[in-house]
Amino acid sequence: MRTTRRTFLQTSLATAAAALLPTSLRAQQGQPARRPIPSTREEMPIVGLGTWITFNVGNDPVLRNECADVMAAFFEGGGRMIDSSPMYGSSQPVVGYGLQKLGRPPALFSAEKVWTSSATAGPAQIEQSRRFWGVPKFDLVQVHNLLAWKAHLQTLLQMKAAGTVRYVGITTSEGRRHDLVEQIMRNEPIDFVQFSYNVVDREAEARLLPLAAERGIAVIVNRPFRQGQLTNRLKNKPLPEWAAEIGVSSWAQLMLKFILSHPAVTVAIPATTRVEHVRENLSAAVGPMPDLATRQRISAHVQAL
Amino acid sequence: MSECWTYRAEDFLLFSPRVYWRMFEAHNAALWPLHVVTLAAGLFIILLIAWRPGVFARWIALILAVLWIFVGWFFLWSRYTTVNWAAAYVAPAFAVEGGLLLILSFRDSPAFDRRGPVAWIGYILLAFGIAGQPLLAPLQGRGWASSEVFGIAPDPTAIATLGVLLLARGRLVPWLLPIPVLWCLLSSITLRTMGEPQAWAPAAAVALTAAAWTWTIIRQRGSLPAA
């Protein structure tokens, strides 16, 4: 489309107006709510896209295109962060395939991991991952499951200083090694921390989430549905009537809203293979969020079922 | 590490059942009609063991050696590794089994003269690997396209090999058991983790092999009267 002075001004004014809108107002306009990354104030839509299992489809052309469709729906719905890892089989090249097919969406926030027990193999693995994605550089690289974390974190901090990665972080999952995660959060200059948190796995509320808020560390929440266990368990049970009060029409939305309404959470990364599910997930970031009492009610209700 | 106990089999499953079975569909489509040849080879093995074991014993081991190397290369290394990086560590074990079978073929020709319960278990496993396993896909509603066929897919190849090894006698035969047994255990865990009912098949093959081998050892030590 040709850019005239008029369209340029219209676009600029619209962008400026959008930036001035409070989070909730923007969410009401159908776009997912955003939260700032504490270390830079860069705004991030609070629902991202995970790739664990779902994007490991090998060379299957049908399934690769389905993944690209999921990515297309994700970006169309206002999503930004896609998270992957060298551990996830073919997920990285499948993400790269999708990005290429979609014309490399500029909204992408690429979140990757380094996962090798060899301290010296980290840079080569990150470079291999970058080639799979086909991006000039990653926005975020995290030390996966704290494997050889001292050496890799040093590498990542050097990369950040050199401008070859924008943010650094660490990850864990399923409540493992929270003591070490806490120690790193207290002592290392990380931008992001990633761990599991959901309506039934709430250990992170005790120390990690408050510490992240205190230290200004962005939080990525993995396994929001316990790898589909929770959605499978609840799929034949009726939603409570009070769920409609917070604009929820599915269990997935209810469980995501529980996570997203914690003020220390920056982004949750549900994984899916279906376009309708990615839209449903993004819609959880739109509209009213549960207050503290409703959060307790959600958790108690799900645990009782 | 202290958190090792917190890991479950599910934590190591990298792919969905849909991806797993579509992989077999793609593999079958890519290799068809080679299935006819490998199934014919399987039937040939049964006939040789039943009727002319002495003369053609070397050929049985040679056929199995070729099929193990073929499955290790074309399925595990070339296809399975695309969704499961751990398969890259398993594929060489298939080459080792193929190598051991080659040695058995050329240096230590086995005798197929077992009779009694152990032999019958051997025939059951051999028949299941060749004729039974391919039926599991349509029986479970997946259609023939994702069938696992002897000499094309690892499970029926390993199960049928266990059957042959139970029927065989020779110095090298015990050394050939661990790799197919370990593969069957690994496959059973994978299938069980995916929630697939057919996880029982490789597990049952291992259980029957263990029972038959235990029976053989007890008999060799003279604890039981000869059958």
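**Conventions**

I worked from a predicted model, in which local features need pLDDT of at least 70 and side-chain atom pairs count only at pLDDT 80 or more, while totals for chains, interfaces and linings use all residues. Residues are numbered from 1 along each chain as its sequence is written, and chains are lettered from A and ligands numbered from 1 in the order in which they are written.

**Entry 1: the sheet of chain A**

I began with the strand order in chain A and found an open sheet of 8 strands, β3-β4-β5-β6-β7-β8-β9-β10, with parallel pairing; strands here are DSSP runs of E of at least two residues, helices are runs of H or I of at least four, and both are numbered from the N terminus. Two strands pair if DSSP finds at least two bridges between them. At the edges stand β3 (49-50) and β10 (267-268) of chain A, each with a single partner strand, so one side of each has no neighbour in the sheet.

Is β5(A) buried or exposed? I noted that 6 of the 6 residues of this strand (residues 109-114) are buried, so the rest of the structure largely encloses it; a residue is buried if 20 or more other C-beta atoms, placed from the backbone, lie within 10 Å of its own, exposed if 12 or fewer, and partly exposed in between. Strand β4 (residues 81-83) of chain A pairs with β5(A) in the parallel sense over 3 bridges, and D83(A) has A111(A) as its bridge partner in β5(A).

I then turned to β9 (residues 218-222) of chain A, which is mostly covered, with 5 of its 5 residues buried. From β9(A), A218(A), I220(A) and N222(A) point one way and V219(A) and V221(A) the other way, and all are buried. Strand β8 (residues 192-196) of chain A runs parallel to β9(A) and is joined to it by 5 bridges; along this pair I found V193(A) opposite V219(A) and S196(A) opposite N222(A).

**Entry 2: helix α3 of chain A and its two partners**

Two packed helices are described by the angle between their axes and the distance between the axes. Helix α3 (residues 61-76) of chain A packs with helix α4 (residues 91-101) of chain A at an angle of about 60°, with the axes 9 Å apart; axes are lines fitted to C-alpha atoms, for helices over the stretch in contact, and angles run from 0 to 180 degrees between N-to-C directions. The crossing of α3(A) past α4(A) is right-handed, that is, the near helix is turned clockwise from the far one by less than a right angle, anticlockwise being left-handed. R64(A), C67(A), A68(A) and M71(A) of α3(A) make the contact with V94(A), Y97(A), G98(A) and K101(A) of α4(A), where contact means C-beta atoms, placed from the backbone, within 7 Å.

What is the angle between α3(A) and α11(A)? For α3(A) and helix α11 (residues 275-283) of chain A I read about 25°, with axes 8 Å apart, which makes the two roughly parallel. This contact is made by D69(A), V70(A), A73(A) and F74(A) of α3(A) and V275(A), V278(A) and R279(A) of α11(A).

**Entry 3: chain B and the chain contact**

In chain B, the axes of helix α6 (residues 154-167) and helix α9 (residues 200-220) come within 10 Å and cross at roughly 15°, and α6(B) and α9(B) are therefore roughly parallel to each other. Their crossing is left-handed.

I63(B) is found in helix α3 (residues 53-77) of chain B, and I63(B) counts as buried because 21 C-beta neighbours lie inside 10 Å.

Lastly, I recorded that 13 residues of chain A are in contact with 13 residues of chain B.

Technical notes:
Contact = placed C-beta atoms within 7 Å. Parallel < 35°, antiparallel > 145°, perpendicular 65-115°, else oblique.
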